[in-house]
Structure formats: structure tokens, C-alpha cells
Amino acid sequence: MPAHQTLDHHTIEKYELGWLLISVVLVIMLFAGVLLSMVGETVPGLFGGKSSYIDPAKLNQTAFAAPGLKTAPDGSLDAYIVARAFQFQPNVLRVPAGRPVTMHMVAADVVHGLMLGQGNVNVELIPGQVSTFRATFNHPGTYTSQCHEYCGIGHQTMAFKLIVEAAK
Ligand code: CUA
């Protein structure tokens, strides 16, 4: 169509309808995305997250009763860490270098925070909300860190040490 011609109003309505449809689709996708993230628990604990929420008062009835590193019969490694005012249990964790460890971390009382190793693992610990993830620490060494969410009068004493041991 030559540039000097103006669009008749039927054509304009068609364009308007098109843009309207696109925006409606976008709104629906946004809405669906929000719902999916709630159901999928990327918004932690919103629905009590059956799989990842445990009663912080009953940690002693879970694997967190004996925190630390555990080796499963198949050789896979699981580490359980509990944060409570004002210590981490355990406060020293030894892991072998280069092997994936499934970390399970939870707070017993208030929100704490912990960074592990060289800084690419950083977890916010929420009471009862179990954070589970896999991490591999490739560089042997001793990494000290400390609670990084203010949790009370003893916050600055909540130290943690990760010892990555070279394969023997
Ligand atoms: Cu625990 Cu700050």
C-alpha cells in the first residue's frame, strides 16, 4: 500500500484486535507463571511445602537429629546441617574434594544464613524450611564462614568451618 494512503478503520480495528490479543495472552502467561511458581515452591513455604517443610520443633524426629555427613550404602554423600541460635550443628563439616554432596540445611528457630566454601554456595536458612541442593567442592582447603543473617545477640559468634579434604 502506498505510504500516502491512510488506513481505513477496518484495518485499524484489525491491528487493534491483534495487539489486544497479544496483551491478553501475555497477562494470562504472567498469571499462570505466578501460579506455577507457587505450586512449584519456588516461593518457599507458601503452601507449607509438604516435601520441604518440617516442624522445626520436631527436628529430633528427622535425619537432622544427627547432623553431619552421612554416606549411603551406594556411596553417595548427604550432609545435614542445623542452624540455631547461636551455632551450626555441626560447626565443622568435612567433605571429600570433587564428590557431589547433597546438602540438607534447616534452621531450628529464626532465620540464619550460611555461605559454604569459596562463595558459590550461599543459603538462607528458614525455620522448618529444608534447603536441599547438591554441591561439589573441588578445591581442598579450610573455609571459614559465619552466619550472615542477623539472628540475635550471639549472631557474630555463629562460625562455621568447611574442610574440603583431598582424595586419598
Ligand atoms: Cu545465626 Cu546470625
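Colleague: Which residues is serine 145 in contact with, leaving aside its neighbours within four places in sequence?

Modeller: Serine 145 is in contact with Leu114, Met115, Met158, Ala159 and Phe160, where contact means heavy atoms within 4.5 Å. Before we go on, this is a predicted model: local features need pLDDT of at least 70, side-chain atom pairs count only at pLDDT 80 or more, and totals for chains, interfaces and linings use all residues. Residues are numbered from 1 along each chain as its sequence is written, and side-chain values use heavy atoms, with hydrogens and water left out.

Colleague: Fine. What does the side chain of serine 145 reach?

Modeller: The backbone oxygen of methionine 115, at 2.8 Å. That is a polar contact (a pair of N or O atoms within 3.5 Å; within protein, one must be able to donate a hydrogen and the other to accept it, and residues adjacent in sequence count only if both atoms are side-chain atoms).

Colleague: And why does serine 145 count as buried?

Modeller: Because its relative accessibility is 19%, and buried means under 20% relative accessible area, with exposed over 50% and partly exposed in between (1.4 Å probe, protein chains only).

Colleague: Which strand is serine 145 found in?

Modeller: Strand E9. Strands (E, at least two residues) and helices (H or I, at least four) are DSSP runs, numbered from the N terminus.

Colleague: What does E9 run antiparallel to?

Modeller: Strand E10, residues 159-165, joined to E9 by six bridges. Glycine 141 stands opposite valine 164 there. Two strands pair if DSSP finds at least two bridges between them.

Colleague: What's the order of the open sheet they form?

Modeller: E4-E10-E9, three strands with mixed pairing. The edge strands are E4 (92-96) and E9 (141-146), each pairing on one side only.

Colleague: Switching to E2. Which strands does E2 pair with in the antiparallel sense?

Modeller: Strand E1 (residues 68-71), over four bridges, and strand E3 (residues 87-89), over three bridges. Leucine 69 stands opposite alanine 79 in E2, while valine 82 has glutamine 89 in E3 as its bridge partner.

Colleague: How many residues lie between E1 and E2 in the hairpin?

Modeller: Five, and glycine 75 in that turn has a positive phi of about 90 degrees. The hairpin from E2 to E3 goes through two residues.

Colleague: And which strand runs parallel to E2?

Modeller: Strand E5 (residues 100-107), with seven bridges to E2. Aspartate 78 has threonine 102 in E5 as its bridge partner.

Colleague: Is E2 mostly covered or mostly open?

Modeller: Mostly covered: seven of the eight residues of E2 (77-84) are buried.

Colleague: On to packing. Which residues have the most contacts inside the largest nonpolar core?

Modeller: Phe88, Met103 and Phe137, in a core of 26 residues. A nonpolar core is a set of buried Ala, Val, Leu, Ile, Met, Phe, Trp, Tyr and Cys residues joined through side-chain atoms within 4.5 Å. There is also a second, separate core of eight residues, including Tyr80, Val82, Val106 and Val130.

Colleague: Last one, helix H1. How many of its residues are buried?

Modeller: Zero of the 31, so H1 lies largely in the open. H1 (residues 9-39) reaches 45 Å from its first C-alpha to its last, close to the 45 Å expected at 1.5 Å a residue; the expected span is 1.5 Å times one less than the number of residues.
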